[in-house]
Amino acid sequence: GLVGSEMCIRDRENIMTLKNGKKRIVVKIGTSTLTHDTGKTNIAIIAKLASVLSDLKNEGHEIILVSSGAIGIGMSRLRLAEKPKETQCLQAAAAVGQCELMFLYDKLFSEYDVVVSQLLFTSDELEKKSNKECLVATLNQLLEYDCLPIVNENDSISVEELLNGDNDCLSATVATLAKADLLILLTDTDGLYDSNPAENPNAKLISRVEKIDDNIRAIAGGAGKKGTGGFVTKIKAAEIAVSAGIPVVITNGKKPTNIYHILRGQQEGTYFEAVKK
C-alpha cells in the first residue's frame, strides 16, 4: 500500500483526471448522520451539508444527493419511542418523514439559491430497461436545469430496501446510471477500519483499498447503529461503483467539509480505487 504524501499524490491524480475539472458527484448520507442519538433531526449537519454541496455546485460540479433518513425523521415527527417492527408502520413513518426531510432540504438549500428536486423509486423498477432510460433522462435534465436531485428509495412502497438496505447500493446504482465521476458515502465513522474501533482502541483506518477481496468483505463485518446498512452494504455499494469505473470514498458524515479535501486529492476516510476499464 501507499502511505503519506505519495498516497495523496496518487489520490489527486485519480480524482483530478476526471472530466475537465468539473465532476458529477453522488453523495450518500445515512440515517445515523442525519439524526442525533435522541432520534431527532441533526439540523446542524444537514445545514452544513447544504452549504458544502451548494458551494460545490457554485464551483461548477454536478451534485446528486442520495438521502436516507425518512423513517428516522418520521418516527421523531410521530413521537414514536422506538422503531416499529411491523412493515406497514415503518412505511407510514417513511411517508411522514419524507415530507419533513424534503421540507428541510428545500428550506436549507434555498438559502443558497439552489433548487432541489425529489426522485423516489424502488430497486425493482430499475430492472426494466425503459425505466432505467427514463430515470437517466430525468436525472440528466434536472442537472441541465442546474437542479440538485435528491434521491431516496420509495420506502412507503418498497419493502426490500426498507429491511435490508440503507440506500448504500441504491447510491451506487444511481452513480453508475448517471455515469458519475465519484461516489462519496457519508457514514458515522471516519471510514473502514481493520477491526471494530468501538471494541479495539488500536483499530487502524484503512486509507486505501486497491481491490475489494474476501479479506475486505470480512473486515466490513456487522451493521451500524441506526440505519440498516452497516459496512457490509457499503462494501457491496463500493463493489458496484468501482466495477463501473467509479472511485468511492467512505468518510465521516459529521464533517461535511471533508468533501472539499477529497476533491483536492487529500486523504480523508477510505478510498476505493476504480477498476480500470
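Modeller: First, what I mean by buried: under 20% relative accessible area. By that cut-off, Asp168 and Lys28 are both buried. Keep in mind that this is a predicted model.

Colleague: OK. How many salt bridges does a search of the whole structure find?
Modeller: It finds 10.

Colleague: And what does Lys28 pair with?
Modeller: Lys28 forms a salt bridge with Asp168, with the closest N and O atoms 3.0 Å apart. Lys28 is in strand 1 (residues 24-29) and Asp168 in helix 8 (residues 168-177), so the bridge ties together parts 140 residues apart in sequence.

Colleague: Which other residue forms a salt bridge with Asp168?
Modeller: Lys234, where the closest N and O atoms are 3.3 Å apart. That pair also links distant parts of the chain, since Lys234 is in helix 10 (residues 230-243) and Asp168 in helix 8, 66 residues apart. Put together, Lys28, Asp168 and Lys234 are linked in a salt-bridge network.

Colleague: Is Lys234 buried or exposed?
Modeller: Buried, because its relative accessibility is 5%. Asp168 counts as buried at 0%.

Colleague: Switching topic: what does Glu239 meet in a salt bridge?
Modeller: The side chain of Arg217, at 3.0 Å from N to O. Glu239 is in helix 10 and Arg217 in helix 9 (residues 214-220), so this bridge ties together parts 22 residues apart in sequence.

Definitions and conventions: Residues are numbered from 1 along each chain as its sequence is written. This is a predicted model: local features need pLDDT of at least 70, side-chain atom pairs count only at pLDDT 80 or more; totals for chains, interfaces and linings use all residues. Side-chain values use heavy atoms; hydrogens and water are left out. A salt bridge is a side-chain nitrogen of Lys or Arg within 4 Å of a carboxyl oxygen of Asp or Glu. Helices (H or I, at least four residues) and strands (E, at least two) are DSSP runs, numbered from the N terminus. Buried means under 20% relative accessible area, exposed over 50%, partly exposed in between (1.4 Å probe, protein chains only).
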